[in-house]
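Here is a short briefing to read alongside the structure. Have the sequence and the 3D view open, and we will go through the ligand's surroundings and then some helix packing.

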Amino acid sequence: MNAGSPELTVVVPTRNERDNITPLLARLRGALGGIRWEVIFVDDDSPDRTAEVVRELGVQDVRVRLIERLGERGLASACVAGVAASAAPQVAVMDADLQHDVRLLPQMLRRLQAGGLDVVVASRYVAGGSLRGLPPRRARLSRLAVHLARAFPRVRLADPMSGFFAIRRAAFDAALPRLSQLGFKILLDLLLSAPRPLRCVEIPYQLAQRHHGASKLDTPTLLQFAVLLTEKLAGRFIPLSLVLFVCVGGSGLLVHVAALYVLVSAGAVFATAQSGAVLAAMTSNFLLNNLVTYRDLRLRGWRWLRGLVSFYAVCCVGAVANVSLASLVYRATPRWWLAGLSGAALGAAWNYLASRGLTWQSWPRAARGRRPQASARPTRR
Ligand code: GDD
Ligand code: MN
C-alpha cells in the first residue's frame, strides 16, 4: 500500500456543528499520533456554515476533507457518503459534538488491523461504559430502542445504537447495497444489512455531554427508526413500499368515510357524496404515497399533475377489477366476506403494481436499494 495513503478515515456527519469542529480536530490530532489518518466531514448544507469552517481548516491540513451535500439530509446517508469517498481500508464513524471519546480510535483501529473482526463498537452498555451525557428521558428512549433492536437475532451487541464505531471497509461495502440509510442508526442498519453476520467486539466508553449546539434527534428521526426496523423485518419478504402503500390505503378509507359524512351532512345526494368521497380518498392516497411511499421518486410540477391523473386512472381500473372478481367469487360461493376480501386484494395488488409502474415509473425489480448519492460533492483539499 502507498505509504502516504490513510489507514484510517474518520467520517463525521455534521449539521450545525460550527463551534465543535476546531476542538474536535485538535483532539483528533492529539489522539492519532503515529497513525496515517484523515477526517471527512459530511455537512448537509448547515445554515450555521459549518462547511466554511471545515473548508478553512482543510486549506491548512490536507487530512481535513469536506463533502457538502445540498438538498439531502440524514445522519445515516451522510455516513455512507463519507465512507464512499474514503480509500482507507478502515473507517470510523463518530459525532462532531465531542460526545464520543477520540482517544478510543487508535485501539479501535488496531483491533481491526489485527484481523478476525469486522466492527469495533464503542459501547455505552458494557461494563465501564455509561450514558451519563444523556438527559434521563433520552436515556430511557435509548434503552427502549436497544431492546427493540435486540429482538433481531442478528443483533447481539449490547449497544447496537452506538453512533461511534470502526469498520473494515470491505465489510461496509458488502452491506452497502441493502442499507436502508434511514435516520440515525447506521450501525444497526449495517448489522441488519450485511450478507453475513458481522464479527463485532465492543469496548466501553462514557458518552460525554454535548459541547456546543443541540441534538438533532427529533420525532421524524424516531419515526425513521421505526421504519428502519419494519423494513428490515418485512423487507426480506415484502418490499417496504408495499407495506407503506397498504397503510396509505387504510388511511384512504378514513378519508373516504370522513368526506362522505361531510358531504351527506351538507345535503348532497348519496351518489354524488359517494363519488366525492372516492375522489377525496384517491387524492389523499396519491398525496401520501408521493410524500412517503415514493419519497425518493417524488413527483413535482407537471409530472405531479400527470401522476395524479394516472393515479386516478389506475384506481378506476382497480375498482372495476375489484368489483368484477368479488362478484365472480360471490356467485361461486356466496360468502360475502370472502368475495369482498378477494376483490379488495386484487384491487390493491393492481393499484400497487400499476401505480408503481405508471405513476411513479419504478418497476419493483429495478427499485431495490436506493440510488447512489448523486448530489454528494467530495472536495479534496
Ligand atoms: N450530515 C448530517 N445530516 N449530519 C447530521 C444530521 C443530518 O441530517 N443529523 C445529525 N447529524 C450529525 C450531528 O451534527 C452530529 O455530529 C451527529 O450527526 C449526531 O447527531 P446528534 O444530534 O448529536 O445526535 P445525538 O447525540 O442525539 O445521537 C447520536 O449519538 C448517540 C449515541 O452515540 C447518534 O449518533 C445516535 O445514533 C447515537 O445513539
Ligand atoms: Mn450528539
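A polar contact here is a pair of N or O atoms within 3.5 Å. Please keep in mind that this is a predicted model.

**Around ligand 1**
- Q99 reaches ligand 1 through its side chain, where a polar atom lies 2.8 Å from an oxygen atom of the ligand.

**Helix 9 with helix 12**
- Helix 9 spans residues 240–265 and helix 12 spans residues 336–359; their axes come within 11 Å and cross at roughly 120 degrees.
- Helix 9 is therefore oblique to helix 12.
- The crossing of helix 9 past helix 12 is right-handed.
- On the helix 9 side, S241, L242 and F245 take part, and they meet A348, N351, Y352, S355 and R356 of helix 12.
- By type, the residues of this contact are four nonpolar, three polar and one charged.

**Helix 9 with helix 10**
- Helix 10 covers residues 270–293, and its axis comes within 7 Å of that of helix 9, with a crossing of roughly 150 degrees.
- Helix 9 passes helix 10 in a right-handed crossing.
- The contact between helix 9 and helix 10 has 16 nonpolar and eleven polar residues, and no charged ones.

Technical notes: Residues are numbered from 1 along each chain as its sequence is written. Chains are lettered from A and ligands numbered from 1 in the order in which they are written. This is a predicted model: local features need pLDDT of at least 70, side-chain atom pairs count only at pLDDT 80 or more; totals for chains, interfaces and linings use all residues. Side-chain values use heavy atoms; hydrogens and water are left out. Axes are lines fitted to C-alpha atoms, for helices over the stretch in contact, and angles run from 0 to 180 degrees between N-to-C directions. Helices (H or I, at least four residues) and strands (E, at least two) are DSSP runs, numbered from the N terminus. Angles under 35 degrees count as roughly parallel, over 145 as roughly antiparallel, 65 to 115 as roughly perpendicular and the rest as oblique. A crossing is left-handed if the near helix is turned anticlockwise from the far one by less than a right angle, and right-handed if clockwise. Contact means heavy atoms within 4.5 Å. Ala, Val, Leu, Ile, Met, Phe, Trp, Tyr, Cys and Pro count as nonpolar, Asp, Glu, Lys and Arg as charged, and the others, Gly among them, as polar. A polar contact is a pair of N or O atoms within 3.5 Å; within protein, one must be able to donate a hydrogen and the other to accept it, and residues adjacent in sequence count only if both atoms are side-chain atoms.
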